[in-house]
Amino acid sequence: MVTLTDEFMLEMQRRMLRIRAFDERASKMVKRGHIPGTVHTSIGQEAQVVGATMALGDNDYMSGNHRSHGHPIGKGSPLGPLMAELQGKGTGVCKGKGGSLHLADFNVGSLGESGIVGSSIPIAMGAALSSQVLGRDTVALAFFGDGAANQGVLYESMNMSGTWKLPVIFLCENNQYALSTPAHTVTSGVIADRAAGFGIPGVRVEDGQDVLAVYAAVSEAVARARRGEGPTLIEVVTYRYNEHSEGLRLGTDYRPSDEREAWLKKDPIVLFREHLIANGHTAEAMDALEAEVLAEVDAAVEFSENSPWPDASVGFDDLYTDSEYAA
Amino acid sequence: MTIENMPMVKAINAGLRAALAKDDRVLLMGEDIGTLGGVFRVTEGLKNEFGSNRVLDTPLAESAIVGTAIGLAMRGYRPVCEIQFDGFIYPAFDQITSQLAKMTSRHEGELPMPVVIRVPYGGHIGAVEHHQESNEAYFAHTAGLRLVSPSNPHDAYWMIQEAIESQDPVLFFEPKSRYWPKGDVNLSANDIPLHASRIARTGTDVTLIGHGAMVSVLLQAAEIAQEEGTSVEVVDLRSLSPVDYGPILDSVRKTGRAVVAQEAPQNVSLGSEIAATITERAFYSLEAPVVRVSGFDVPFPPAKLETIYLPDADRVLDAVDRVLSY
Ligand SMILES: Cc1ncc(C[n+]2csc(CCOP(=O)(O)OP(=O)(O)O)c2C)c(N)n1
Ligand SMILES: [Mg+2]
């Protein structure tokens, strides 16, 4: 078991709280029409996100998917420009053009998120290959879901990176559903076991609500990658508390009625709060941390609300780096 | 029997139900289409009614879904695949363009490919990139595929059934912004073949041409033009590949002026093809160049800019003014 400093563990809790508070606010803003379209929240999956992102170093890379607010937050992005991006403001991390589905904060090593499920997995390999070619010890981590694990591109990527021993981590966020589809109805075998076919380690973190368990597994894979020993597939079992995406109004009837209740008892933030308290922190200090984070989210919303709407012309900007031959 | 006030989602659902009931070689496959009934509810109730052998909830794997459908068609089945949103069709691009489109000609016409791929397409729903695209040109460009797109519930009801009966692969583009507006559906009589275009409104001064959700915009523009004293004819393409040029050319020969409208970006688009064909085949009737009204040549923009991106009646009327100014 890795020993972590107090400071580090408090930061873990802070980032989990940030994800929760940010996504809860975003959910509300969607329903009230302050954020256009929909957003996919990581509420319930915070341990899995933070355990993974905090096992990465500042210079490491990651690619995300459609459920990717937590990834940049977990890697330390400030909240204001993320919120502005959701609203479509010019101060957003992608100038308001990416929105929730493409919330890529390149400042924290993001290689981008994608609304096309599975699509951004191989992009992480490119960053990993560059590290290898340039002789750097940075690694890249690709986040994707149990649904994405059924797209062929994952297997092209596992094979290529296994062959070339690329410093990449394939992190499957198995929240047990792809939209309404229960993973067990569409998944042959165990996702983590698929790694064996490519001669790479496959790890299943059964308790994905335990941030330390996730952190330990990802840290080991990162260390392995840095040593030049190649990729690892990690499957983290977790659960999303909200519907597939906010305001979608498809309901959650496709889940057994008591399932969510059971998982709510394993709320990663509550569990880690208890862990911290058991290790000498006071409940008051935990409350204070929670209040601090709520204030951060308030400030992020204020920053975003006060940011001007971009001019419609931004829709035409930046299509190419060289505008000379642009239409 | 005519059902009044039926939305297109229900009309397609009814069409699929009729096809499933009529021919047990018809089966549906796609992501979240069974138990959930599809994210747009188009397949609602069908799994309960016909069972999980006929309505298959598949893994998230578009390439495998279409590939499997091709194999099924080879064995005499009539699979209908759902692609959840327009932009999610790309993982299946290889199967569609290099396998599905080519099987019949590769096998010297011996091998029918009765596969239908349903694609909810287009904008107006305030969603994000990949969820609002009008990407029919990629597929219209590929020989061997048929493409159709209904603009109203009645056509949707019949066209889905005809598409399923077709021996060739049909991509069925459903204008998702028209899923909910209601219309009358005549369940007993279909008056027009799958690949025929239709005059949706008669007029004498300008011909407007479009498909899917664009048709309602064109009809709205025609209303306004009428008040301004311009008589506009509207052609609903219905079939995007092949295009039924007869009614289009007849109309243009009458009016001498044509505007083609589409949500898709303009560069190398279906609208461009139609404009070029009109120019080639009705040149001596034209009083003005054929004008295109399209989305812009940029990725589909953030929701806030959707109304600027998508052609509305106003932009169509600007084009009408232009062709009248010659
Ligand atoms: C190629 C593609 N197919 C379908 C979709 C529609 N869709 C968006 S998210 C999703 C489920 C993804 O499930 P999973 O990978 O497990 O991620 P989760 O949402 O559970 O985090 C689906 C079907 C999509 N965005 N892209
Ligand atoms: Mg999932």
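I looked up the surroundings of ligand 1 and found 21 residues around it, the closest being A:V117, A:G145, A:G147, A:A178 and B:F88; a residue counts as near if its C-beta atom, placed from the backbone, lies within 6 Å. This is a predicted model, in which local features need pLDDT of at least 70 and side-chain atom pairs pLDDT 80 or more, while totals for chains, interfaces and linings use all residues. Residues are numbered from 1 along each chain as its sequence is written, with chains lettered from A and ligands numbered from 1 in the order written.

I noted that ligand 1 lies between chains A and B. I sorted its shell by class and got 9 nonpolar, 7 polar and 5 charged residues.

I then checked the contact between the chains: 30 residues of chain B meet 31 residues of chain A (C-beta atoms within 7 Å). On the chain B side I found 18 nonpolar, 6 polar and 6 charged residues.

Next I turned to helix α6 of chain A, residues 153–164. I read its span from first to last C-alpha as 16 Å, close to the 16 Å expected for its 12 residues at 1.5 Å a residue.

Which residues of α6(A) are buried? I listed A:L154, A:S157, A:M158 and A:S161 (buried means 20 or more other C-beta atoms within 10 Å of the residue's own). Down the helix axis the buried residues of α6(A) fall within an arc of 100 degrees, so they line one face. I saw them pack against α5, β2, β3 and β7 of chain A.

Just after α6(A), I recorded a positive phi of about 50 degrees at A:K165.

Key: Nonpolar A, V, L, I, M, F, W, Y, C, P; charged D, E, K, R; others polar. Helix = DSSP H or I, 4+ residues; strand = E, 2+ residues; numbered from the N terminus. Expected span 1.5 Å × (residues − 1). Buried ≥ 20, exposed ≤ 12 C-beta atoms within 10 Å, placed from the backbone. Arc of directions from axis to C-beta. Contact = placed C-beta atoms within 7 Å.
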